Amino acid sequence: MAHVETTVTVEAGASAERVFAVLTDWPRHREWMVLTTAEVTEGDGRSVGSRLAAFSGLRPAGFLDTMTITRWEPPHVVAVEHTGRLIRGTGVFHVRDTAPGTSTISWSESLDLPFGPIGRAGWILAGPLSEALLRTSLRRLAHLSATRP
């Protein structure tokens, strides 16, 4: 099984506390994460062990990404284990204050690609697209966080 890692980072005109609050408001993911809706399926969504489900795509086409929160350190870190059939691996968001009212948001994914050699070959095209979508999503999160709720 092939393993890939991707990290994107953007600056936000909002504090780490504000960014983290918007980031972990799971139903609001549709407002910033490209073509994705998310919901808490077990627990409170704000603690280790809580489970999440995110659908990415345009219904009916797309995929379900199930996750378990494995690290919860507000307002700086939230990590998940991807537990779905298609997406497996880990995802981590780091939010760091850089100055009063500004922060840096980093999103890292460490994934095991499905479909063996076909998955590895497909990542040649999907990798740059995935990184662009993550970066676009983080920019949207930064913008949303800088505006009032």
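This report describes the sheet, the helices and an aromatic cluster of a predicted model.

## Sheet architecture

Seven strands form an open sheet in the order β1-β7-β6-β5-β4-β3-β2, and their pairing is antiparallel. The edges are formed by β1 (3-12) and β2 (36-42), each of which pairs on one side only. On average, neighbouring strands of this sheet are turned by 25 degrees against each other, direction ignored.

Within the sheet, strands β6 (residues 88-99) and β7 (residues 102-112) run antiparallel and are joined by eleven bridges.

Helix α1 (residues 16-23) lies across β1, β4 (61-73), β5 (77-83), β6 and β7. Its direction makes an angle of about 150 degrees with β6.

Helix α3 (residues 116-146) lies across β1, β6 and β7. Relative to β1, helix α3 runs at about 25 degrees.

The structure contains four aromatic pairs. One of them is formed by Trp32 and Trp107 in an edge-to-face arrangement, with 6.3 Å centre to centre and 70 degrees between the planes. Because Trp32 belongs to helix α2 (residues 29-32) and Trp107 to strand β7, this pair ties together parts that are 75 residues apart in sequence.

Both Trp32 and Trp107 are buried. Together with Phe93, these two tryptophans form one aromatic cluster.

How values were computed: Residues are numbered from 1 along each chain as its sequence is written. This is a predicted model: local features need pLDDT of at least 70, side-chain atom pairs count only at pLDDT 80 or more; totals for chains, interfaces and linings use all residues. Side-chain values use heavy atoms; hydrogens and water are left out. Two strands pair if DSSP finds at least two bridges between them. Helices (H or I, at least four residues) and strands (E, at least two) are DSSP runs, numbered from the N terminus. Axes are lines fitted to C-alpha atoms, for helices over the stretch in contact, and angles run from 0 to 180 degrees between N-to-C directions. Contact means heavy atoms within 4.5 Å. Rings of Phe, Tyr and Trp (its six-membered ring) pair if their centres lie within 6.5 Å; planes under 30 degrees apart count as stacked, over 60 as edge-to-face and the rest as tilted. Buried means under 20% relative accessible area, exposed over 50%, partly exposed in between (1.4 Å probe, protein chains only).
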